[in-house]
Amino acid sequence: MSAYKLAKVVMAQGIEQAAGEGYDEQAFARAMMTEVISVYRRARSMDDIASELKFLADNLDEDEEYAFMRP
């Protein structure tokens, strides 16, 4: 299983568990994003993390092709 498929499965399980505890998926996603950034900070600079987040934000439209892909 690819890392992306695994992340999708884990997110779906997390959303389901969060709902069972009274949290909506947006609150859970926000908490997960905080945890992802915490993991990034272990090995990446703040500028690198900010660049990654900006790239993702600039390419939110799934119908448009990326100008370039990060390695």
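The entries below go from the overall fold to one helix and then to its charged side chains.

**Entry 1: the overall picture.** I note at the start that this is a predicted model. I looked up the secondary structure and found three helices and zero strands. Along the sequence, the pattern reads α-α-α. Next I checked burial: the protein has 71 residues, and 10% of them count as buried. I also looked up the accessible surface, which comes to about 6,400 Å². Carbon and sulfur atoms account for 57% of that surface.

**Entry 2: a nonpolar patch.** Which residues make the nonpolar surface patch? I found M1, L6, V9 and V10, together giving a patch of about 390 Å². M1 sits in the segment before α1, the helix that covers 3–20. I checked its exposure too: M1 has 76% relative accessibility, so it counts as exposed, the cut-off being over 50%.

**Entry 3: helix α3.** I tested the length of α3, which runs over residues 46–58. Then I asked which residues of α3 are buried. They are I49, E52 and F55. Looking down the axis of α3, I saw the buried residues fall within an arc of 125°, so they line one face of the helix. Those buried residues pack against α2, which spans 25–41. On the face turned away from the buried side I listed the exposed residues M46, D47, K54 and D58.

**Entry 4: salt bridges.** How many salt bridges are there? I counted three.

- D48 and R44 meet through their side chains at 2.7 Å, N to O. D48 is partly exposed at 25% relative accessibility, and R44 is partly exposed at 22%.
- E52 and R44 form another, at 3.4 Å, N to O. E52 has a relative accessible area of 13%, so I note it as buried, the cut-off being under 20%.
- D58 and K54 pair up at 2.9 Å, N to O. Both lie in α3, four residues apart, which is about one turn of the helix. K54 is exposed, with a relative accessible area of 51%.

I then looked for shared partners, and found that R44, D48 and E52 are joined by their salt bridges into one network.

Terms used: Residues numbered from 1 in each chain as written. Predicted model: local features only at pLDDT ≥ 70, side-chain atom pairs only at ≥ 80, totals over all residues. Heavy atoms only, no water. Helix = DSSP H or I, 4+ residues; strand = E, 2+ residues; numbered from the N terminus. Buried < 20%, exposed > 50% of the residue type's maximum accessible area, 1.4 Å probe, protein only. Areas by Shrake-Rupley, 256 points an atom, 1.4 Å probe, with all protein chains shown as cover. Patch = residues over 30% accessible without salt bridge, like charges linked within 9 Å, V, L, I, M, F, W, Y side chains within 5 Å. Salt bridge = Lys/Arg side-chain N within 4 Å of Asp/Glu carboxyl O. Expected span 1.5 Å × (residues − 1). Arc of directions from axis to C-beta. Contact = heavy atoms within 4.5 Å.
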